[in-house]
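Student: Please take me through this model label by label, and tell me what each label rests on.

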Amino acid sequence: MSPISVPQKKWRFTPEGDACIIIRFTHEGLSTQVSQLCLQAAQSIANAGLPGINDIVPAFNCVGVHYRASCWGKAPFHTLCQTLDLLLAQPYFPPNAAPEQTIDIPVCYDPEYGIDLEPLARTLKCSTEQLIAMHTSRAVRVFMLGFAPGMPYMGLLDTKMDVPRLATPRLAIAAGSVAIANRQTIIYPQASPGGWHIIGRTPIALFNPERAPHTLLTPGDTVRFKAISKETFTYLKNNRHEHPGY
Amino acid sequence: MSIQVISPGLLSTFQDEGRHRFQSLGVPVGGAMNPSNLRLANLLVGNPPSEPVLEMTLTGPGLLFEEDACIALSGAPIHAFADDTPIPVNRPFLIQAGQPLHFRQGQFPPMTRSYLAVHGGFELPAVMGSCSTDLKNRLGGHHGRALQKQDHIPIRKPLDSRHRQTLQDFFKQLEIYLPANLGLQKKNSIRVIKGHHWNHFTQESHERFFDTPFRITPQSERMGYRLQGPVLALQSPSQILSEPTAFGTIQVPPDGNPIILMADRQTTGGYPKIANVISADLPVLAQLLPGEHISFSLMELEKAQALILDREEKFMTLQNRLAIIALRLSECYL
C-alpha cells in the first residue's frame, strides 16, 4: 500500500533574532533547483514592496529577510511570516529585467598566483593541467554573494574536486584569488583571510561602490573560467575597463 | 564652516543606521554599534534620527569648531569639555567658534562608546545610501577611514554667534526626561533568544551557556565580540552551508568559543548559531569593555519584540517633546 500523500510545504520560517526571519526551503543540501527557489522568493518579496524590510539576502538554500519589528504590528514575527507565506504561495512571474547572464572570468593559473595548485594536484592525484582543465571545462552557477562585497560562491565543480577547506586558514590572501573547496569555487574580491585552496588569480574587479550594478556577478549568473597567461593578467589588470560588462 | 581635528582619538568614525539593501551583494551593514545612542544624540540636536554622528571609542578626539554649533554627546559618561566648561552628556550644548572640544580620561572608564551629533549634520558623501564608515572595505564616512589629525569635517548648519546667549538660556531651561529603557544603563546581563542551531549543542553546553559568565576578550571590535568562558560543543560535528546572519547572532566556531556578531559583521556565516542577542540589549553590549564579563539569560521572541515596540514608542514620545529644539535652532543659522 502506498503511503497517503500529504501536500508538503516547501518552506518554513525561523527567527534569526528579533529583527530577521530566515525562510528555509526544505530541500537538502545544495542544488540549482533550491538556489532558484531562493532567488525567486527574494525577487517576489522585493517586488511586493513590504514596509520595514531593510534587506533580503538569498543564500544557498534559504533567504534572510531583515525587518523593522516596529513596522509589523503587535506580533511582528508572526504577522510577517503570515504575509511571506501568502506571498510565496503565489505563482512566480519572472521579472522582465535582470536576465541571468553568462560571464567569462579570466584566471591566471600560474603557480605564483595559484599557490595551492601543485599540492592540491598531488592530493587529488592528477596533474596541474588536469586540475586547471577541470576548473575551466564546466560552467558554474553563482549561488550567492556573501562574506565580502561582491564575493561569489559558485558551483558545483566536478566531483573529483571535492576537497575540504584548509585545516588552518591563511591570514592574508591576495585580492582576486580564485579558490576551491567542497566542490565550490570562490573569488576573494579583496585581500582577506581565508581557508580555501587557491588555484589562480583573476585581474577582474568584482565590486565597485561607484558603479551600477555594484557587483560584476549576480546570484543566478553562469560563470566560465578562461585560463590566461601572466602577460594577459598584467595587461587586464592595468586595463580593467576593457573587460566586457565591467 | 568646518570642524578641525586636533587629535583623532583612539577610533573615531562616522556612523548612521547603516548601509542597508546591499547585504545580498555581501556588503556589511555597519552603522552605529549603539543604535539607541545614535538616535538620542540626533534628537537632542534637532536632527532626523538617522543623521550620521561621530562614534568615539574609549578616548575621544580633540575638535575645534570654526563656527558656533549645537552639539550633543550621548553614550558613555565621558568627561568632555569646551575649553574648561564641562559638556553635559545627553543634553544639547552650544559650542562656540574657536572653542576646542576635548576629552579627559575620567576616573572610571565605564563605557566604551560615545556619540557626537551636530545640529544640521556633518557634510559627508553617502556611499551606497549610507555615510557609515566601513573600515574594512574603506567605504563611506570620511574617506572610508577613522578620523586623523588635521582632518577638516564640514558641517551643514553653523549657527550665528549673535544668538549665543538666547540659545544658551534656552538649552539651560530645557527639561529633558530620558526613559530608562532607551538602553542607557550599564548592565552585564544580556538577554538572548535561542538560535537556529540551539538543538545541535550538547545539554552540557546549554547549561553552561546560561550558568557561567563569559569574558569579552581584547579581540573584540566593531565586527564581533569574541568571548571566553566554557567551551561550547556540538552533539556531533556538522557541516553548515553559509547562511544569513544578524546583528547579535552568536555563532560558535569549531574551537567552541562563541562570537557575538556586531555592527560590521559579515552578511553570511557558516558556523552554528547558538543564540541571538535581543535588539533591546545590543546598546548595552556596545558599551561593555574588553575584559568585562557578561552572562546570558533566555527570553522569548514575543517578549523581545514587545521591548522593541516599547522602545520605539518611547523614542517617538521623546522625538515629539524635543521637536522644539529644531524649531528654535532654525531661527539661528548663519
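Tutor: First a term: two residues are in contact if their C-beta atoms, placed from the backbone, lie within 7 Å. This is a predicted model, where local features need pLDDT of at least 70, side-chain atom pairs count only at pLDDT 80 or more, and totals for chains, interfaces and linings use all residues. Residues are numbered from 1 along each chain as its sequence is written, while chains are lettered from A and ligands numbered from 1 in the order in which they are written.

Student: Then what does α1(A) lie across, and at what angle to β3(A) does it run?

Tutor: α1(A) lies across β2, β3 and β4 of chain A, at about 165° to β3(A). Axes are lines fitted to C-alpha atoms, for helices over the stretch in contact, with angles from 0 to 180 degrees between N-to-C directions. Helices (H or I, at least four residues) and strands (E, at least two) are DSSP runs numbered from the N terminus. Chain A has five helices and 13 strands by that count.

Student: What makes β3(A) and β4(A) a pair?

Tutor: Strands pair if DSSP finds at least two bridges between them. β3 (residues 53–58) and β4 (residues 62–67) of chain A have five, in the antiparallel sense, so they pass. I56(A) has V65(A) as its bridge partner in β4(A). Three residues sit between these two strands, which form a hairpin.

Student: Why do β1 and β3 of chain A stand at the edges?

Tutor: The open sheet of chain A has four strands in the order β1-β2-β4-β3, with antiparallel pairing. β1 (11–15) and β3 each have a single partner strand, so one side of each lacks a neighbour in the sheet. Neighbouring strands here are turned by 20° against each other on average, direction ignored. For β1(A), the link is five bridges to β2 (residues 20–25) of chain A, running antiparallel, and P15(A) stands opposite I21(A) in β2(A).

Student: How do you know that β3(A) is mostly covered?

Tutor: A residue is buried if 20 or more other C-beta atoms lie within 10 Å of its own, exposed if 12 or fewer, and partly exposed in between; C-beta atoms are placed from the backbone. Five of the six residues in β3(A) are buried. Over chain A, 40% of the 246 residues count as buried.

Student: What makes a set of residues a nonpolar core?

Tutor: Its members are buried Ala, Val, Leu, Ile, Met, Phe, Trp, Tyr and Cys residues joined through C-beta atoms within 7 Å. The largest such set has 148 residues, and V63(A), V65(A), A41(B), I71(B) and A117(B) have the most contacts inside it. Helix α1 (residues 32–48) of chain A gives the largest share, six residues. Among the residues A117(B) touches are A41(B), L44(B), V53(B) and I71(B), leaving out those up to four places away in sequence.

Student: How many residues of chain B are in contact with chain A, and what are they by class?

Tutor: 34 residues of chain B are in contact with 38 of chain A. α5(B) gives the most to the side of chain B that touches chain A, seven residues. That side has 15 nonpolar, 15 polar and four charged residues, where Ala, Val, Leu, Ile, Met, Phe, Trp, Tyr, Cys and Pro count as nonpolar, Asp, Glu, Lys and Arg as charged, and the others, Gly among them, as polar.

Student: And which strands make up the closed barrel in chain B?

Tutor: Its seven strands run β12-β19-β16-β17-β14-β13-β20, with mixed pairing. β12 (residues 189–194) and β20 (residues 293–298) of chain B pair in the parallel sense over four bridges, with V192(B) opposite L298(B).
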